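Please keep the structure open while reading.

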Amino acid sequence: MKYLANVLLILCLLAASCEAQGLPGSRAPATISPRRTAGRRDPNEKVFNVLQYGAKPGGKKDSALSFIRAWRAACNYRGPARLLIPSGTFLIGATIFQGPCLGPVPIKVQIAGTLKAVTDPSMYEEDFWISFENINGLLVTGTGTVDGQGNAVWKSIKFNHVVNGILRQITSVNPMGFHISIVLSQNIRAKNLHITSPATSPNTDGIHISQSSQVKVSRSVISTGDDCIAMIQGSTDISIKKVTCGPGHGFSIGSLGKYPDEKDVRGVVVTNCTLRNADNGVRIKTWGGSAPSQASNILFEDIIMDNVKNPIIIDQAYGSKSSPSRVKISDVRYINIRGTSASEVGVDLQCSKAVPCENLYFSNINLKYSGQRKLPFSSTCTNAKVNYVGNQFPPPCR
C-alpha cells in the first residue's frame, strides 16, 4: 500500500548522496542551528510575501501559481530570503517549490495563515499536494495551519531531497495520510507541533520516520487515527521527548520486515511522554515471514499511560502469521512506566520463535487495570528473555 503524507520530509543523508543521484546544484550540507533561526530577524533578509505575487486570501481562488512565483523569486535571491504566507486562508492545488536555491542557507518559509487543499481530485496528477524539492537548507516555521481536507482529497505535501531541516510551531489537521514523514534524512528537529486528525481516520500517522538518523521530536501534541510516531526501517539515533499522544496507536517501532532488504533500527529513545486513551502505548511490531533484520538499543523511560489499551506490547506476528518473523529484537529497556491500562494484559510480549527477544529489561513498572471487567491483571510473554528490577505491576512473566 502506498502511504500518503500531509507533510513529507525527504532529505539526502549526505550531500555526496545527492550528487550521486545527479541533483543539480548540490552543496555540502550546512547545519542549521535553532538558535540562529529563532532570534532577531536578519536585517539583510528579504521577505517575499505571496500577496505581492497575486495570492488571494479568502479560500475561494486557487493561489498555487502565485505561491510558485513568490517562491521562485525567494529561491533565486542571492541574499537571505523568507517566503511569507501571511494571515488569511489560502486555497492552493498541486504546488512544487523547487530548488536548488541561490542564497545562503536556510531559506525560510513562514506560514502565518491557513493553507487548504483544492478538493477536486482531478487537479492532482501525482501523489502530492505541495512538494519542496532539491533544497539544501530549509526552515518551515510559523503559527499557521496546514489543512489537507483529507475527507475530500487524497494527495500529500512532500519535502523531497531537502538537506537539513527544522520544523516548528506548525499545526497540521485533516491529513490525506501521514501528517509528517521524515525519510532519508539526517539532523532533523521537529518541535512545538500540534497534529490533529480524527481517531477513525486511516493511515494518519502523526510523524513517520524511516532511513533517517539524528531525528529529534519534542514538546508536541499528537492526536490521530494511526501511530502517533512511527519509526520504521533504517531509523537510527531517534529522540522523542515530551510528546503527548492520544488518541492514536502510540509510539511504534515498525512495522518492520514487510519488505526485503530492510535496514536495521537502533538507538531509539522515548522519554518523558504521555499517552491518553490510545490503542497502544510503546509498541514494537514486526511481520511474520520477514527477511532478517534487527531492532536494538531501544529505551522507553518515564512514560505515563492514561487508559491505554496495550501499554507495553511486542507483536512479532503483525500482519502475517504464516511463518515466524526473522527481525531480531534485543537490548530494549522499559524504565519508570506508570498509569492505567484499559485491558487486563498490561505487558504483552509476543516474540518470534525463530529469533527470540533478548535482553529485555524492565525496571519499576507500575500499571493498574482501569477496565470494567473483574479479571486478573497480568503479563504475557512468549519467546522473550526478560530481566526484572524494582517494582513490577502487573506481575512479571515467570
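Is cysteine 273 buried or exposed? Cysteine 273 counts as buried, at 1% relative accessibility. Buried means under 20% relative accessible area, exposed means over 50%, and partly exposed lies in between (1.4 Å probe, protein chains only).

1. Basis. This is a predicted model, in which local features need pLDDT of at least 70 and side-chain atom pairs count only at pLDDT 80 or more, while totals for chains, interfaces and linings use all residues. Residues are numbered from 1 along each chain as its sequence is written, and side-chain values use heavy atoms, with hydrogens and water left out.

2. Disulfides. A disulfide is a covalent bond between the sulfur atoms of two cysteines. Here the term is applied to a pair of cysteine sulfur atoms within 2.5 Å. The whole structure holds 4 disulfides. Cysteine 273 has its closest cysteine sulfur in cysteine 245, at 8.9 Å, which is too far for a bond.

3. Cysteine 228 and cysteine 245. These two are joined by a disulfide, S to S 2.1 Å. The link is right-handed, with 75° about the S-S bond. Cysteine 228 lies in the loop between strand 16 (213–223) and strand 17 (229–231), and cysteine 245 lies in strand 18 (residues 236–245), so the pair ties together parts that are 17 residues apart in sequence. Strands (E, at least two residues) and helices (H or I, at least four) are DSSP runs, numbered from the N terminus. Both cysteine 228 and cysteine 245 are buried.

4. Cysteine 351 and cysteine 357. Their sulfur atoms are 2.0 Å apart and form a disulfide. This disulfide is left-handed, because the torsion about its S-S bond is about -100°. Cysteine 351 and cysteine 357 are both buried.

5. Aromatic pairs. Rings of Phe, Tyr and Trp (its six-membered ring) pair if their centres lie within 6.5 Å; planes under 30 degrees apart count as stacked, over 60 as edge-to-face and the rest as tilted. The count comes to 9 aromatic pairs. One of them is the tilted pair of tryptophan 71 and phenylalanine 97, 5.5 Å centre to centre with 45° between the planes. Tryptophan 71 sits in helix 3 (residues 64–76) and phenylalanine 97 in strand 5 (residues 95–98), 26 residues apart. Phenylalanine 97 is buried, with a relative accessible area of 3%. The rings of tyrosine 334 and phenylalanine 362 are stacked, because their centres are 4.5 Å apart and their planes at 25°.
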